[in-house]
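Colleague: I would like a close look at one part of this protein, the aromatic side chains and what surrounds them. Please keep it plain and say how far the model can be read.

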Amino acid sequence: KSKRIFLKTFMPNLRKLKTQKIKLKNLFRQIIPMAAKRAAGCTEGVITQVIISDPAFPFGYDETQFDLCLDSPVLKDNLNAICEKVDDEGFQKIILKKLSLVYPSEVPEQVVQVLGSVSPVATLEDISKWRISKVDTLSALLRTEDGSWEKAKSKEIIEKYLKTSEKTLGPFELTIIGSNLCSLDTSTLKTITPISIQNAQPLNVASCSLEQKKVLYNISSTAFLIYRASFVDYYNLMKSYLGGAPLHDVVILSVQNINMDVDVFRSLQLDVIKNLTVKNVQGLMGDQLRDLKLFENDMVVRTWVNLQLQSDLDTLGIGLISNRTNPTTVAPIQATSGATEFPKPSAFLAALLTAMLQILQRRA
C-alpha cells in the first residue's frame with residue numbers, strides 16, 4: 001500500500017519532467033511482479049476509467065492480469081490515457097492486440113494519432129491496418145521522444161503516408177521524418193526536390209547507406225548551389241550531407257577556408273578520405289586541425305594517418321604518427337655465390353629475341 005501511495009505522487013512528477021520512455025520502462029520492470037500470477041480470471045480488479053485515472057496505474061498489474069482485467073470497450077474509450085501511462089513493452093503489445101480486435105480491418109486515423117510510445121512495438125501487420133493519410137499522423141507516430149523505430153516499420157509508415165493521395169516528401173515531412181529517412185529506398189529518396197531539402201531542417205543521415213548518402217548529397221548540392229558564392233555558408237548548409245560527396249567536390253572545399261570540424265571529416269566516405277593528401281586535409285580543417293590529434297585512435301582518422309608519409313605529417317605540427325615508412329632507394333644488384341645475377345628480360349623482349357633467332361636460323 002505504501003508503495004502505491006509513493007507511486008501516486010512520484011510517477012506524475014516523472015511524467016511532468018518528460019522522463020525518457022526507456023527510463024520509465026526500466027523503472028516499471030523493476031517494480032512490477034517479475035513472474036505472472038497464474039489465475040483463471042481477473043484477480044487484481046477490473047480496469048475502469050477510475051482505475052486508469054489513478055496516478056499509479058498500471059502498477060499492481062502484471063502482464064497476465066493487465067490482459068485479463070482490461071476489456072476492449074474500456075480500452076477504446078480510454079485509449080489516450082492508457083497509452084500515455086503504459087510504458088512497458090509487454091503491456092503495450094497487449095494494447096495493440098486488443099486494438100486489433102476492436103478494429104479488425106482498419107484502425108482509424110484519430111486512433112492511430114494517440115498511440116504515442118505504444119506505436120513502436122507494433123508489428124508490420126499492425127501497421128498495415130493503420131490509416132495514415134495526414135501529416136499530423138506522421139508527426140504523432142515519428143516523435144523521437146516516443147522511441148526509435150526499426151527501419152522496416154518506419155519505411156512502412158512513411159510509404160503508407162506517401163501512397164495516400166500521391167503525397168510527397170516536402171520540407172515539413174522531411175523535418176518530421178528526420179533520421180527515419182534512411183529507411184527509405186533510393187528510388188523514393190530521388191523523388192525529393194531540392195526546394196524541399198532547402199526548406200527543411202538539416203537532416204541526420206548518419207545511419208544511411210553510402211548509396212542513400214550519395215543521392216541526398218546530389219539533391220542537397222543542387223538545393224544550396226545558390227550559396228556557392230560564399231563557400232563557408234555553402235559548407236554550413238551542406239555539412240550534414242557531405243558523407244555522400246565525391247573526392248573532386250571535397251578537394252574543391254579544401255581551398256575554401258571552411259574550417260571543417262572533425263566529426264564532419266570523419267563522416268566523409270572512407271574511399272574519399274584515403275585519397276586526401278596532407279595538404280588537402282590541412283586546407284579542409286584549418287583552425288580545427290588540432291582535433292585530429294584528439295581523435296588519432298579513431299578508425300577513420302587512423303586509417304588516413306597511416307596512409308601518409310611521416311615527413312608530410314610532420315608539416316602539420318600536431319604530433320600525428322604514421323606507421324608507414326618513407327620510400328627507399330632501389331637496392332643495388334647483389335652478387336650471389338660469386339656469380340653476377342642480371343634481371344630477367346621482360347616477356348616482350350624474350351619473345352622478340354626468340355623471333356629474331358628463328359629468322360636467323362631460317363636464313364642459315
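Are Phe-57 and Phe-66 buried or exposed?

Modeller: Phe-57 and Phe-66 are both buried, where buried means under 20% relative accessible area, exposed over 50% and partly exposed in between, with a 1.4 Å probe and protein chains only. This is a predicted model, in which local features need pLDDT of at least 70 and side-chain atom pairs count only at pLDDT 80 or more, while totals for chains, interfaces and linings use all residues. Residues are numbered from 1 along each chain as its sequence is written, and side-chain values use heavy atoms, with hydrogens and water left out.

Rings of Phe, Tyr and Trp (its six-membered ring) pair if their centres lie within 6.5 Å; planes under 30 degrees apart count as stacked, over 60 as edge-to-face and the rest as tilted. By this rule there are six aromatic pairs. Phe-57 and Phe-66 make a tilted one, at 6.4 Å centre to centre with 40 degrees between the planes. The pair formed by Phe-231 and Tyr-234 is edge-to-face, because the ring centres are 6.1 Å apart and the planes stand at 80 degrees. Both residues sit in helix H16 (residues 231-238), three residues apart, about one turn of the helix; helices here are DSSP runs of H or I with at least four residues, numbered from the N terminus. Phe-231 counts as buried because its relative accessibility is 16%, and Tyr-234 is buried at 3%.

Back at Phe-57 and Phe-66, ring pairs join these two with Tyr-61 and Phe-91 into a cluster. Phe-66 also belongs to the largest nonpolar core, which has 89 residues; Phe-66 is among the members that touch the most others, as are Trp-130 and Leu-292. Such a core is a set of buried Ala, Val, Leu, Ile, Met, Phe, Trp, Tyr and Cys residues joined through side-chain atoms within 4.5 Å. Leaving out residues up to four places away in sequence, Leu-292 touches residues including Phe-265, Met-285 and Trp-304, a contact being heavy atoms within 4.5 Å.

Lys-160 lies in helix H11 (residues 151-163).

As for confidence, the protein averages a pLDDT of 85, and 78% of the residues score at least 70; pLDDT is the predictor's confidence in each residue, from 0 to 100. Over residues 328-357 the pLDDT is below 50. Where pLDDT is low, the predicted coordinates should not be read in detail.

Notes:
Helices (H or I, at least four residues) and strands (E, at least two) are DSSP runs, numbered from the N terminus.
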